[in-house]
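Please open the model in your viewer and keep the selection panel to hand. We will go from stop to stop, with something to select at each one.

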Amino acid sequence: MARVISIANQKGGVGKTTTAINLAASLAASELRVLLIDSDPQGNSTTGLGIAKTEGMTTIYNVLIGGSPINEAIQPGAYDGLSLIPADKNLVAGNLDLVGVEDRELVLRRAIESIRGEFDYILIDCPPALDLLTLNALVASDSVLVPIQCEFFALEGISQLMDTIERVREAFNQPLEIEGVLLTMYDDRTNLTRQVETDLREFFGRDVFHTVIPRSVRLAEAPSFGQPIIAYDPRSRGAESYIQLAKEVLNHEQKSRTTA
Ligand SMILES: Nc1ncnc2c1ncn2[C@@H]1O[C@H](COP(=O)(O)OP(=O)(O)OP(=O)(O)O)[C@@H](O)[C@H]1O
Ligand SMILES: [Mg+2]
């Protein structure tokens, strides 16, 4: 049964998509069956994996709103061992369209149910909003991974996200865990990065991943070639850091299995 992880932070541009693509590819490189669901109308995970947005392509929108079977939306082999459910701008309407749907927060969870046996990990790249798309992702997930950019306003909005997670736990009777808080665009030459790190480790304690993702031009370039960093520049620090993150996520799951 797949472990389902949402990658969420309503703040824009903090590294959600970069993390979704590269964690997914790094897990797939460990011979695991991985599905990445692009649930952001920007469709950055889709483009970043080199999948062209074509007219008539079955996307997550068709699954959430059109009743398309989820397996029809899966594009296998987006990258070695990694499958993708794409998104495109049609999903902008998804939020509004979902409002009128019965059990509107449960649509993605129910859709994923039928394919959980086919994957080891299902990652969901969320949009920069606490909207119905993000709610659907959280309700469908075992855990949530929160990328936080090392900058002055890093913690802004985080309490709102934590409140939302708590509400999902209560309203849907679901043990939604914190997979971890991930420091992104980390630059240890700056005092600011170090200060933000200290604050976050104090605030979140053991929930912060040991691995940090360095600020790296190579990581920013890779999506324009439609490649995860382990393909684009496997020896880069960015590639190393995402492989390290994948190891932490794997260890985390083993630990939660042995203590369950
Ligand atoms: N570690 C990094 N080093 C350098 N640039 C990065 C890094 N991580 C992400 N970026 C760049 O920062 C920008 C935002 O990253 P990304 O798209 O992953 O964030 P996001 O949270 O998904 O954004 P959105 O909220 O719009 O979906 C992108 O241009 C990306 O290439
Ligand atoms: Mg994104």
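**Before you start**

This is a predicted model, in which local features need pLDDT of at least 70 and side-chain atom pairs count only at pLDDT 80 or more, while totals for chains, interfaces and linings use all residues. Residues are numbered from 1 along each chain as its sequence is written, chains are lettered from A and ligands numbered from 1 in the order in which they are written, and side-chain values use heavy atoms, with hydrogens and water left out.

**Stop 1: ligand 1**

Select ligand 1 and show what surrounds it: there are 18 residues, the closest being Lys16, Thr17, Thr18, Pro214 and Ser216. A residue belongs here if one of its heavy atoms lies within 4 Å of the ligand.

Which elements supply at least two residues each to this shell? They are α1 (16–29), β8 (208–214) and α9 (217–221); helices (H or I, at least four residues) and strands (E, at least two) are DSSP runs, numbered from the N terminus. The largest share, three residues, comes from α1.

Colour the shell by class and you will find seven nonpolar, seven polar and four charged residues. Here Ala, Val, Leu, Ile, Met, Phe, Trp, Tyr, Cys and Pro count as nonpolar, Asp, Glu, Lys and Arg as charged, and the others, Gly among them, as polar.

Now turn to the oxygen atoms of the ligand. A backbone N or O atom of Val14 lies 3.0 Å from one of them, and a polar backbone atom of Gly15 is likewise 3.0 Å from a ligand oxygen. From Asp40, a polar side-chain atom lies 3.4 Å from an oxygen of ligand 1. The protein covers 80% of the 620 Å² of accessible area that ligand 1 has on its own (Shrake-Rupley method, 1.4 Å probe; for residues, only the protein chains shown count as cover).

**Stop 2: the cores**

Next, select Ile60, Ile112 and Ile122, the residues with the most contacts inside the largest nonpolar core, which has 52 residues. Helix α6 (residues 132–139) gives the most to this core, with six residues. Such a core is a set of buried Ala, Val, Leu, Ile, Met, Phe, Trp, Tyr and Cys residues joined through side-chain atoms within 4.5 Å. Buried means under 20% relative accessible area, exposed over 50%, and partly exposed in between (1.4 Å probe, protein chains only).

Centre on Ile112: leaving aside neighbours within four places in sequence, Ile112 is in contact (heavy atoms within 4.5 Å) with Val4, Ile37, Ile70, Ile122, Ile124 and Ala140. Apart from this core lies another, of 33 residues, among them Ala20, Ile213, Ala239 and Leu245.

Follow Ile213 into strand β8. Ile213 counts as buried because its relative accessibility is 2%. Its contacts beyond four places in sequence include Leu182, Met185, Leu219 and Tyr242.

**Stop 3: helix α6**

Select α6. How many of its eight residues are buried? Eight of the eight are, and these include Leu132, Thr134, Asn136 and Val139.

**Stop 4**

Go back to helix α1 and pick out Ser26. Is Ser26 buried or exposed? Ser26 is buried, because its relative accessible area is 4%. The Ser26 side chain reaches the backbone oxygen of Asn22 at 2.7 Å.

Then select Lys11, in the loop between β1 (3–7) and α1. The side chains of Lys11 and Glu151 make a polar contact at 3.5 Å; such a contact is a pair of N or O atoms within 3.5 Å, and within protein one must be able to donate a hydrogen and the other to accept it, with residues adjacent in sequence counting only if both atoms are side-chain atoms.

**Stop 5: two positive phi angles**

Finish with Asp103, which has a positive phi of about 50 degrees although it is not a glycine. Asp103 sits in the loop between α4 (92–99) and α5 (107–113), and counts as partly exposed at 35% relative accessibility. Met185 also has a positive phi of about 50 degrees without being a glycine, but look for Met185 in strand β7 (residues 177–186). Met185 is partly exposed, with a relative accessible area of 22%.
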